[in-house]
Amino acid sequence: MTERLNFNGIVQGIGFRPAAQRIALELNVNGYVKNSGGNVELVINGNKQALDEFVQRLIAMFEIVNYTRDTVKEPELNNIKGFKIVHSEKDSKTPFITPDLATCQDCEKELKDKNNRRYNHPFISCVNCGPRYTVINSLPYDRENITMSKFELCGECNKEYSTPDDRRCHAQTIACNNCGPETNMTIDEAVEILKNGEVLAIKDIGGYHLACRADDEKAVSKIREIKRREKKPFAVMFSDIDEIKKYCNVNNKEEELLLSSARPIVLLEKKIDFPYNVCQNSDFTGAFLPCNPIQIMILEKISPLVMTSANISSEPIIIDDEEIKKLGVKVLSHNREILTPLDDSVLFVNGGRVQFIRRARGYVPLAIEIDKNAKIDTLCMGGDLKAAFGYHRGNYVFLSQYFGDLEDETVFNAYKENIRRFGDLHGFKPKKIAADMHPAYYSSKVFKNDVLIQHHKAHAASVIAEHRLKGDVLGFAFDATGYGEDGAIWGSEVFLFRGNKIKRLNHLEYTKFLAGDEISKNADLALFCYLGGNELIDKALKNNINTVMTSSMGRLFDAVCALLDICHYNDYEGECAEALESAARKAEKAYPLTISLNPKEILNEIKENMQNASKEELALGFHLMISNLICSLCEKYRKEYGVNQVVLSGGVFNNRILTSHTFSQLEENGFKVYINERVPAGDGGIALGQAYLTAMEE
């Protein structure tokens with residue numbers, strides 16, 4: 001009998017066709033396999049038992065979203081002999097594109113084997129690893145459609161490429177020292193530059209990194225000068241997991257993430273610190289492992305290294321070979337083109353749950369399945385800070401990588417260009433566009449929008465979407481700022497999601513603030529707006545000179561931090577909140593504070609007790625009071641509405657103390673609690689919530 005199979009899912013760029021060919025030969029099944037757009041199509045001929053086993057073995061090996069299996073009646077297909085991989089073709093089905101994959105163990109072993117012909121080959125890869133998303137020009141995922149197309153295969157590589165039982169059979173990024181891309185300097189030359197205390201720009205999978213020895217404070221200072229990044233901690237790359245464990249505490253979940261094919265930066269608790277200028281005041285080290293052959297070879301000879309995106313702070317990571325020269329450092333480059341900027345992903349583990357700070361390399365463009373079906377293709381623009389957009393088709397939301405703040409022109413241009421590229425790659429032609437309702441957002445001005453979504457509703461909805469929750473949900477969305485439906489700046493919102501209705505139940509009491517960007521940076525300014533005491537600010541507030549009402553939770557964290565004289569200015573986003581959390585972590589006990597929704601009452605109570613308790617005890621007391629506030633509101637609304645499901649979202653919930661304490665308290669009291677685990681709790685997850693809410697209205 002003969003059947004036609006169509007497999008949909010992550011089936012391109014991971015060796016699906018060679019695997020199908022190997023299994024077919026083992027089972028004596030005849031036919032062919034080909035990429036078809038973003039899917040894989042097979043025609044197979046054999047007895048029913050063999051065909052059933054063939055299908056089941058493929059399903060077990062790969063992430064199949066769905067597949068079809070139909071009997072083919074055409075008599076000419078019954079005469080197929082052997083099994084072949086045939087030329088690909090395009091179709092209109094939705095592709096599930098593979099993210100860039102870290103060098104696999106087999107390739108790393110060959111890379112270090114002096115007797116292997118790919119010994120020290122800077123671009124070693126196979127069907128199980130190597131760049132994917134960053135090198136694809138178009139689908140299907142074939143050699144002629146990626147940036148490796150200009151490198152003609154040598155005889156040996158071509159033999160591997162066409163041998164069914166070879167690990168590099170139809171590996172589109174296949175190359176060797178005789179036929180692949182080339183670097184402009186040797187690894188030994190690069191290592192010598194680093195050993196001499198210099199900064200080196202290294203071209204990697206998603207862009208250039210700036211690297212230097214982590215123990216060389218002068219070199220680290222040079223990178224800060226280049227990036228214009230005064231305080232924000234740098235990530236550190238280590239040679240292997242054992243070296244990470246010398247410097248950091250690593251639990252099983254963190255180790256799993258560090259070793260995963262995504263190779264993200266994982267924020268780990270420090271055990272041994274680096275010179276101050278690497279991580280500055282942070283309690284954590286952003287640790288990660290090499291994800292490509294060049295990094296592996298360098299880190300084998302010199303480690304650990306500061307490894308940070310090569311850019312001016314707030315701008316996109318540099319991918320252009322000419323642009324990198326403007327930074328005035330030595331450059332390790334190569335002639336394989338990068339098609340899109342892609343930063344390292346950043347995440348941490350809190351109470352066994354993974355939380356994203358930045359979702360990028362290794363995870364993009366993986367889709368997230370939700371319970372809301374988009375009847376037409378919808379483009380969701382996300383927000384302006386930590387910008388990321390998404391396309392919603394059917395039950396899947398395809399999210400872009402992190403771009404940064406759209407106020408920066410280069411970030412905005414990269415964001416717009418990648419909306420086009422992402423759409424072209426996936427075949428999306430949006431018929432509806434959803435954006436944040438903030439009238440001044442750049443993301444809301446790119447296109448004519450069909451739907452405007454309130455910022456904090458999107459935050460809460462993003463958790464509901466990724467966990468596919470059903471029934472009534474109580475949503476908490478805590479962050480610094482978002483445009484509210486009443487024209488105020490919201491930031492501590494409590495919602496009831498019931499059916500297709502969303503009711504705003506509560507928030508911090510409004511406070512009159514000075515408008516403008518400085519209020520998001522100057523914690524003293526926020527404190528004066530709450531408590532007064534500055535003549536100029538008091539007059540401006542009294543006379544309503546450029547003022548706005550706000551319920552911001554983020555600004556309250558800033559004000560508490562300034563009041564306790566811990567940190568007074570956000571040189572980077574969230575610095576004061578991080579400093580306040582760090583102080584709280586050092587407390588042996590918490591000073592109890594009264595639960596309140598009135599920011600002035602909260603601050604005055606802290607102020608009145610600064611002689612009775614240490615700043616660390618008051619910092620912890622504040623964290624636990626906010627947690628207890630959430631729990632008390634949950635109890636109140638469970639009695640009132642019978643709701644038992646709670647979601648927590650917004651940048652404030654990147655705070656480990658607040659989130660873990662709230663989570664445990666609510667679970668102890670019988671609530672089912674959910675947080676963002678597949679997208680960031682901050683604005684990088686907004687597009688997912690927009691997709692959910694837009695589809696909910698259809």
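**Entry 1: two helices.** I looked up helix H13 (residues 523-531) and helix H15 (residues 553-563), whose axes come within 8 Å and cross at roughly 100°. H13 is therefore roughly perpendicular to H15 (65 to 115 degrees counts as such). Axes are lines fitted to C-alpha atoms, for helices over the stretch in contact, with angles from 0 to 180 degrees between N-to-C directions. Helices (H or I, at least four residues) and strands (E, at least two) are DSSP runs, numbered from the N terminus.

The model is predicted: local features need pLDDT of at least 70 and side-chain atom pairs pLDDT 80 or more, while totals for chains, interfaces and linings use all residues. Residues are numbered from 1 along each chain, and side-chain values use heavy atoms, without hydrogens and water.

I then listed the contacts (heavy atoms within 4.5 Å). In H13, Ala523, Asp524, Ala526, Leu527 and Tyr530 meet residues of H15, including Arg555, Leu556 and Asp558. By class, this contact has eight nonpolar, no polar and three charged residues. Ala, Val, Leu, Ile, Met, Phe, Trp, Tyr, Cys and Pro count as nonpolar, Asp, Glu, Lys and Arg as charged, and the others as polar.

**Entry 2: a loop residue.** I found Ser444 in the loop between strand S18 (432-436) and strand S19 (451-453). Is Ser444 buried or exposed? Its relative accessible area is 12%, so Ser444 is buried (under 20%, with a 1.4 Å probe and protein chains only). Leaving aside neighbours within four places in sequence, I noted that Ser444 is in contact with Ala435, Asp436, His438 and Asn449.

How values were computed:
Parallel < 35°, antiparallel > 145°, perpendicular 65-115°, else oblique. Buried < 20%, exposed > 50% of the residue type's maximum accessible area, 1.4 Å probe, protein only.
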